[in-house]
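Open your viewer and load the model. Keep the selection tool at hand, and follow the stops in order.

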Amino acid sequence: MTGPATELREHSPESWGDHWLDDVTEPAAPAFSRPTQLAMSSFAGPARVVRRLYSFAATTPGKLFTVTLILTAALAAAGFSMSSSSAARHDDLDALLTSTEPMSNAAHHLYTNLSLADTVATTGFVQAGVEPEGNRKRYNEAIDAAAVAATQSVVGSSAEDERVRELVTFIQRELPVYTALVEKARVNHRAGNAVANSYMSNASSLMRTRILPAAAELFTLTSEKVTQQQQRLTRPQWVPLSGLVAALIFLGLAQWWLWRLTRRRLNRGFVVATGLLFIALAWASAANFATWASGHQGFETVSRPWDSLTASRIEAQQMRTSETLALVLRSSQQDMSVHFNSTVYSVNQALRNYEEALDESSDPTLIPQATQAVEDWSTTHEAFMEDLSTGDYDAAVYQATAIDPDGAPTAASAFNAVDNSLAALIDEARESMRQYLMRGLNAMTLVSTGVSLATFGAIIAVWLGIRPRLQEYL
């Protein structure tokens, strides 16, 4: 039997016992998943460190320390960028002077010596009897120089110069074929066989239609590589220079902020850092300007007459070969005159271009000598063509082959004077170009070291300058 009294006893404090305490039980579903718990346990420590750092950065000492770290990073980045860029540019300029430019010069010598060998071989062929020893020696020297130049043309090549190696390989394969045809022509010429003319014509055709075009392409490729590298290496270093300018601006803003914070107009450490950074910027800017002025403007001024001198010398050698072959092939005198006049005009134009680019280091006697040699060649060529047209074959052969005449100059001796003068002018122009490149290389010398030392000194000066301010709060 139950009633209110029974219910009261069941719910009285005495009957409760310890039931007034809730049982502590594990929740059926955790509040966070296991990956979340793992992440919280892993990043709780770093998060506390970040909060503490943020709290410290919000204080005045923290602000001073943070600004100093930012300045240190900016100065280090700017200095490292300029130092690395300057060191790389110095190495590339040195490679241009010691590898790329000599490779181009070797390609030039390859072309001119191949052309000269063909000219000398043709000259010796038209002479009666046994070929003079001096002529044979000049031919052998030209072939040997061409073989050496072909090897030198690939010494400075890189993986991207596949076409250069292909051209050199082609020339080295075809050159023995040419020399074999020349030897067959000489043997049959001494024996009096008419087939000698065919052998000599085929040899000259091989040289002029296959070997020389390959050598010309090789020379063009190597010359363009020199020009491209020179233009790339003499451009101003805008990105590293802008980094130094930005670091200098950051340093100025930091000094303005420090003045507003501490009411002190100047900080010795920051002033020293500004001076060092300004010296680094001025040094790097002056080196860039010197490299651009000497390596870009000066190089282009001298390279134009060098190009025209080289082209005119090659054209003159080809004209000389055609002039000599006219004795064998009976070429059209009209075509010969047009070709010769064009060659003389090219040579004279190249001499005028070089005369305009003369500097104090140039030999002033070379231009008059070359001009006189061209005039003598024009006069003797007219005499040669006149002898050929009148049928005076012996006189024409004398004009075309007499290298050391006793009296008046011949076409052969006049051409040799023209070729020697052009060769001397080309060597002088090349030396001028190398001098301009050398000036650019010298301008970049020690820039990397100087900028590194200046920026490192600026970083030390910044920390020494901020140290007294930090000590005021710590």
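This is a predicted model: local features need pLDDT of at least 70, side-chain atom pairs count only at pLDDT 80 or more; totals for chains, interfaces and linings use all residues.

**Stop 1: the whole protein**

Show the cartoon. The protein has 14 helices and 0 strands. Buried residues make up 44% of its 474 residues.

**Stop 2**

Side chains of opposite charge can pair when their charged atoms come close. The model holds 9 salt bridges. Select Glu101 and Arg434. Their closest N and O atoms are 2.7 Å apart, and the two form a salt bridge. Where do Glu101 and Arg434 sit in the chain? Glu101 is in helix α4 (residues 60–126), while Arg434 is in helix α13 (residues 411–444). The two are 333 residues apart. Is Glu101 buried or exposed? Its relative accessibility is 7%, so Glu101 counts as buried. Glu101, Arg430 and Arg434 are linked in a network of salt bridges.

**Stop 3: two pairs along helix α6**

Move to helix α6 (residues 162–191). Select Arg163 and Glu166. A salt bridge joins their side chains, at 3.3 Å from N to O. About one helical turn separates Arg163 from Glu166, because they are 3 residues apart in α6. Arg163 is partly exposed at 39% relative accessibility. Glu166 is partly exposed at 40%.

Next, select Glu183 and Arg186. Their side chains also meet in a salt bridge, at 3.1 Å from N to O. These two are 3 residues apart in α6, so about one helical turn lies between them. Glu183 is partly exposed, at 29% relative accessible area. Arg186 is buried, at 6%.

**Stop 4: helix α8 and its neighbour**

Select helix α8, residues 238–262, and helix α14, residues 447–471. Their axes come within 13 Å and cross at roughly 10°. Angles under 35 degrees count as roughly parallel, and α8 and α14 are therefore roughly parallel to each other. Show the side chains in contact. From α8 come Leu244, Leu251, Leu258 and Thr262; from α14 come Thr455, Val462, Ile466 and Arg469.

**Stop 5: a nonpolar patch**

Stay on α8 and select Val245, which lies in this helix. Val245 is partly exposed, with a relative accessible area of 37%. With Val245, they form a nonpolar patch on the surface, and the four have about 370 Å² of accessible area together.

Technical notes
Residues are numbered from 1 along each chain as its sequence is written. Side-chain values use heavy atoms; hydrogens and water are left out. Patches are made of residues with over 30% relative accessible area and no salt bridge: like charges are joined within 9 Å, nonpolar side chains (Val, Leu, Ile, Met, Phe, Trp, Tyr) within 5 Å. Accessible areas come from the Shrake-Rupley method with a 1.4 Å probe; for residues, only the protein chains shown count as cover. Helices (H or I, at least four residues) and strands (E, at least two) are DSSP runs, numbered from the N terminus. Buried means under 20% relative accessible area, exposed over 50%, partly exposed in between (1.4 Å probe, protein chains only). Axes are lines fitted to C-alpha atoms, for helices over the stretch in contact, and angles run from 0 to 180 degrees between N-to-C directions. Angles under 35 degrees count as roughly parallel, over 145 as roughly antiparallel, 65 to 115 as roughly perpendicular and the rest as oblique. Contact means heavy atoms within 4.5 Å.
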